[in-house]
Amino acid sequence: MSLVLTDRSLVRSHAYVGGEWCEAEGGTTVPVEDPANGQVIGSVPEMHGIDAVRAIAAAAAALPTWREETAASRGDSLRKWSAAVTAATDDLAAIVTAESGKPLAEARGEVAYAASFLDWYAEEARRAYGEIIPPPQADKRLLVIRQPIGVAAAITPWNFPAAMILRKVAAALAAGCSMVVKPAPQTPLTALALATLAERAGIPAGVLNVVTGSLASSRDIGTAICESPVVRALSFTGSTAAGIALAQQAAATVKKVSLELGGNASLVVFDDADLEAAVAGAVAAKFRNAGQTCVCANRIYVQAGIHDAFVEHFTAAVRGLKVGPGAERDVTVGPLIDSRAVAKVTGLVDEALASGGVANLGGKPDGRGGHFFEPTVLTRVNASMRLAREEIFGPVAPVFRFETEAEALELANATEFGLASYFFSRDVSRCFRVAEQLECGMVGINTGMLSTAVAPFGGVKASGIGREGGRYGMDEYQELKYLCFGEIHS
Ligand code: SIN
């Protein structure tokens, strides 16, 4: 095991159910590997549906006491948890890097991003306001109150092993729900470290439960969660195909489902853009986490007048990125998560090159082997290539040329997805015009980084339903109840 931490007790080999550190009912375990070198860095219980059912029961048992706490008291608990997470930043970042592959600087950034959801929802808990509605009859008074929906579940991805958990858990716990978390099979150690810190921060037993599994057993856990009538809300971040399957299963118990699914973000650079800002924004939006984020720029459209200058400066900037294991000094592009990811990205690039695309930089798996892929800039690409339609999820930047604003909008919107879009322009009227016409849930204008705990994150079309973060994020874990008082006499 290569993980060197100040606090070794953060690395767990047991799941967390009802306040107990436990094994899977079936007794089997599954190894966790470092994608940079394939080394086994730990192992966790290989749980199945039966274990998920146990965790759901633990969450249900903890619910009445937790939801009866005052919002201020729940907020205090979240704040203590946030302080514990922040104090453990270096260790958590080392775990995130070891199991997801991302560079240490990005992992530290992710821990801060993750903790910011605890801080934000610690405050928002106290703002779960209701409403008083002017009554249609003089002897009536109408009120709307917000109540926790009940037991909630989160199924989270490997690309942000800390932030995607706390984005969901913080909102759910603030609302007064208890939760069962099923982390990605590739990255359970971060989830268990977060649960360790939650336990130390005094989050009561059963309020947070973490059920670990293998790739093979994950489907069984997902089914148990979806089919349970006790689970009233499910929040999932992952692929569109998996999200649709979960939503179909969850429909039988009429759960509230929020889905943050695949993206195919466009990044448009207009002739009037600040070239330097556009290049920096495109590098940030494309190469964060080696291109493995749902909001990564997938298609870069550059207007004819600035195209060649953009390609020259962008290629130079990408050439400056350093590929290597995330734990190595100065590395900015880590490995892809597994060999399937490398095969997929290679296939997309090969198809583009075979159809007339040109690799200005990179274009193949990195010479060091393993899961590394060269930072790649492709030009002479077109809309019929697969990489224009599919989420690349790798460090590959295809740059398309366009002529007019109308054409850019048409190209940007020509996708089944609608998570994020970005564009660069110094014309204020154009900024509003384009932002309003882009079919997506989030727009970065003159920036390649839009994620923050204080704003609503989510998509339209095949990119999902629901919002996480900001003041809207708690809605996913609340029910509105309408109270109608009669016989009110003056
Ligand atoms: C994601 O890739 O799903 C999340 C990225 C973010 O929160 O910025």
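## Helices H2 and H5

Helix H2 (residues 71-87) packs with helix H5 (residues 163-175) at an angle of about 155 degrees, and their axes are 9 Å apart. Since an angle over 145 degrees counts as roughly antiparallel, H2 is therefore roughly antiparallel to H5. The crossing in which H2 passes H5 is right-handed. Please keep in mind as you look around that this is a predicted model.

Which residues form the contact of H2 with H5? From H2 come Arg74, Leu78, Trp81 and Val85. They meet Leu166, Val169, Ala170, Leu173, Ala174 and Ala175 in H5. By class, this contact of H2 with H5 has 9 nonpolar residues, 1 charged residue and no polar ones.

## Helices H3 and H6

Next, have a look at helix H3 (residues 89-100) and helix H6 (residues 188-200), which pack at an angle of about 160 degrees with their axes 8 Å apart. H3 and H6 are therefore roughly antiparallel to each other. Their crossing is left-handed.

On the H3 side you will find Leu92, Ile95, Val96 and Glu99. Across from them in H6, the residues they meet are Pro188, Leu189, Thr190, Ala193, Leu194 and Leu197. The contact of H3 with H6 divides into 8 nonpolar residues, 1 polar and 1 charged.

## Helices H9 and H10

How are helix H9 (residues 275-287) and helix H10 (residues 304-319) arranged? They pack at an angle of about 50 degrees, with their axes 10 Å apart. H9 and H10 are therefore oblique to each other, and they cross in a right-handed way.

H9 brings Leu275, Ala278, Val279, Ala282, Val283 and Phe287 to this contact. In H10, the residues they meet are Ile306, Ala309, Phe310, His313, Phe314, Ala317 and Val318. The contact of H9 with H10 holds 12 nonpolar residues and 1 polar residue, with no charged ones.

## Around the ligand

Now to the ligand. Surrounding it are Tyr113, Asn159, Phe160, Met164, Arg167, Thr237, Glu260, Arg288, Thr293, Cys294, Ser451 and Phe457.

Where do oxygen atoms of the ligand come within reach of polar atoms in the protein? In the side chain of Glu260, an N or O atom is 2.9 Å from an oxygen atom of the ligand. The side chain of Arg288 also has an N or O atom 2.9 Å from an oxygen atom of the ligand. At Cys294, a polar backbone atom is 2.7 Å from a ligand oxygen atom. If you are browsing the structure, then, Glu260 and Arg288 make their pairs through side-chain atoms, whereas Cys294 makes its pair through the backbone.

Terms used: Residues are numbered from 1 along each chain as its sequence is written. This is a predicted model: local features need pLDDT of at least 70, side-chain atom pairs count only at pLDDT 80 or more; totals for chains, interfaces and linings use all residues. Side-chain values use heavy atoms; hydrogens and water are left out. Axes are lines fitted to C-alpha atoms, for helices over the stretch in contact, and angles run from 0 to 180 degrees between N-to-C directions. Helices (H or I, at least four residues) and strands (E, at least two) are DSSP runs, numbered from the N terminus. Angles under 35 degrees count as roughly parallel, over 145 as roughly antiparallel, 65 to 115 as roughly perpendicular and the rest as oblique. A crossing is left-handed if the near helix is turned anticlockwise from the far one by less than a right angle, and right-handed if clockwise. Contact means heavy atoms within 4.5 Å. Ala, Val, Leu, Ile, Met, Phe, Trp, Tyr, Cys and Pro count as nonpolar, Asp, Glu, Lys and Arg as charged, and the others, Gly among them, as polar. A residue is near a molecule or strand if one of its heavy atoms lies within 4 Å of it. A polar contact is a pair of N or O atoms within 3.5 Å; within protein, one must be able to donate a hydrogen and the other to accept it, and residues adjacent in sequence count only if both atoms are side-chain atoms.
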